[in-house]
Amino acid sequence: MIVCSSANNLVKMFEKYVKYMDIFRPFSSEVFTSLMYLIKYYVYSVFHLFANPHHVQAFFFQYNPHLIKEDEIQTTLLENYHAYYVYHTEYKTLRSYLLKMRNYFESYFTSQQDIAINTVFPATRSSITQEFTERAVAIESVEYILYHLKLLLPAFRHLLPQTAKFEENVTELQDNLVYLRAFVYSSLIPELYKTDNIFSTIPSMKWDLKEGAEVNNFYVERIVYFMQDQSEKLKCLGGGCLPASVQAKIMDEILEYTMKQLVDCYSKIKKCSNFGRKVLLDDFRKIISEIKEKQKIEKIDLTGYVEEYIKAFSLEAEELVDFIIKNKHYPLNYLLQLFHQNISISMLKKKITSEYLERIQLEYLSYLKMVVDDK
């Protein structure tokens, strides 16, 4: 594990806090709370330094589907709301965590919060490659802090009142580390790993294929070689200082980004026959198989996310509508592409097609309104 000096200094302070908890037993809960605030402050600093400013704004964006009238549904507007909702739910735990920290910082810094934060943590940026290394060190430092905090759980059980929810605090930090890692890496991966020249060719290829037609799947090998290249580049990041475990975590993020890019490309294919969909599925399975073999990876997340999307193109009309309504974790514009490109849908009368589309729109509008009501 590679950590920065600030994390090491913070861990060294843990002993003092435990000592204070022992000396001031009646106030041990307050001492523990102060320790957790200090750790949250550190986590917030990582977020503040490395989060994409546009994504930060998305965390605090207020959306209200109640403003959309049911008799004036705008599909594009509904897509925008749902796109934000997908993003919001993917990072909802981290968002909640950060909102709590913001409340703390607001009381600490009053109205000068942002000025104070920027003073303590000035925005410094170097090359993209160097910044990626910095992010890796920052995330590993948070993990290092969590590791030493968990070592103190027996001491906390002994020193804190039974009513104290210290284990929940530790679990909360552990859960949010997963989201923080994804959030910190995700905004930089598209910048560091340029894939446009590979993925942009997929929608423009001929997919309206007849059974038994010759298949040109050159992009499969390009993606596999690209992933190999990224694996080699990771070994050189930061002058080769990143441990293999850290490289594996970053590679997981790159693979997740690749899976989402593939679905994005498949949603942009204008014309595709059922045989073309079969070819897409075979190609995707070959990509996964070769990446696993060459990278020595046992499991790749989101493979089901991609496979289910490809298979959905071949569903019958009623089955497809049910699929779109049930699978709200896909962006709505991707799901509507399924609807408009489906062969069964294209054979229906315009009135029936409109009824199906209205049913989808109303379902999503109702769903988003329900989400707002539950807040």
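Helix H14 passes helix H16 in a left-handed crossing, a crossing being left-handed if the near helix is turned anticlockwise from the far one by less than a right angle, and right-handed if clockwise. The structure is a predicted model, in which local features need pLDDT of at least 70, side-chain atom pairs count only at pLDDT 80 or more, and totals for chains, interfaces and linings use all residues. Residues are numbered from 1 along each chain as its sequence is written, and side-chain values use heavy atoms, with hydrogens and water left out.

H14 spans residues 244-267 and H16 spans residues 303-312; helices (H or I, at least four residues) are DSSP runs numbered from the N terminus. The axes of H14 and H16 come within 9 Å and cross at roughly 10°, where axes are lines fitted to C-alpha atoms over the stretch in contact and angles run from 0 to 180 degrees between N-to-C directions. H14 and H16 are therefore roughly parallel to each other (angles under 35 degrees count as roughly parallel, over 145 as roughly antiparallel). On the H14 side the contact (heavy atoms within 4.5 Å) is made by Met-259, Lys-260, Val-263, Tyr-266 and Ser-267, and on the H16 side by Tyr-305, Val-306, Tyr-309 and Ile-310. These residues comprise 7 nonpolar, 1 polar and 1 charged; Ala, Val, Leu, Ile, Met, Phe, Trp, Tyr, Cys and Pro count as nonpolar, Asp, Glu, Lys and Arg as charged, and the others, Gly among them, as polar.

H14 also packs with helix H13 (residues 218-236), the two axes coming within 10 Å and crossing at roughly 155°. That angle makes H13 roughly antiparallel to H14. The crossing of H13 with H14 is right-handed. Residues of H13 in the contact include Tyr-219, Ile-223 and Met-227, and those of H14 include Gln-247, Ile-250 and Tyr-266. The contact of H13 with H14 divides into 10 nonpolar, 4 polar and 1 charged residues.

Helix H17 (residues 317-326) and helix H18 (residues 332-341) pack at an angle of about 175°, with axes 10 Å apart. H17 and H18 are therefore roughly antiparallel to each other. Leu-320, Val-321, Phe-323 and Ile-324 of H17 meet Leu-335, Leu-338 and Phe-339 of H18. This contact has 7 nonpolar residues, with no polar and no charged ones.

Leu-357 is found in helix H20 (residues 350-374). Not counting residues up to four places away in sequence, Leu-357 touches Leu-336, Phe-339 and His-340. The C-alpha atoms of Leu-357 and His-340 are separated by 9.6 Å, and the two residues lie 17 residues apart along the chain.

The model has 1 cavity of 30 Å³ or more. A cavity is a set of points, on a 1 Å grid over the protein atoms alone, where a 1.4 Å probe fits but cannot get out, and lining residues have an atom within 4 Å of a point. Grid points are joined across faces, edges and corners, and a volume is the space filled by probe spheres set on the points. The largest cavity holds about 30 Å³ of space. Its lining consists of Cys-272, Ser-273, Asn-274, Arg-277, Phe-313, Gln-341 and Ile-343, with 3 nonpolar, 3 polar and 1 charged residues.

How values were computed: On a 1 Å grid over the protein atoms alone, a cavity is a set of points where a 1.4 Å probe fits but cannot get out, and a pocket is an open set with protein on both sides within 12 Å along at least five of seven lines; lining residues have an atom within 4 Å of a point. Helices (H or I, at least four residues) and strands (E, at least two) are DSSP runs, numbered from the N terminus. Angles under 35 degrees count as roughly parallel, over 145 as roughly antiparallel, 65 to 115 as roughly perpendicular and the rest as oblique.
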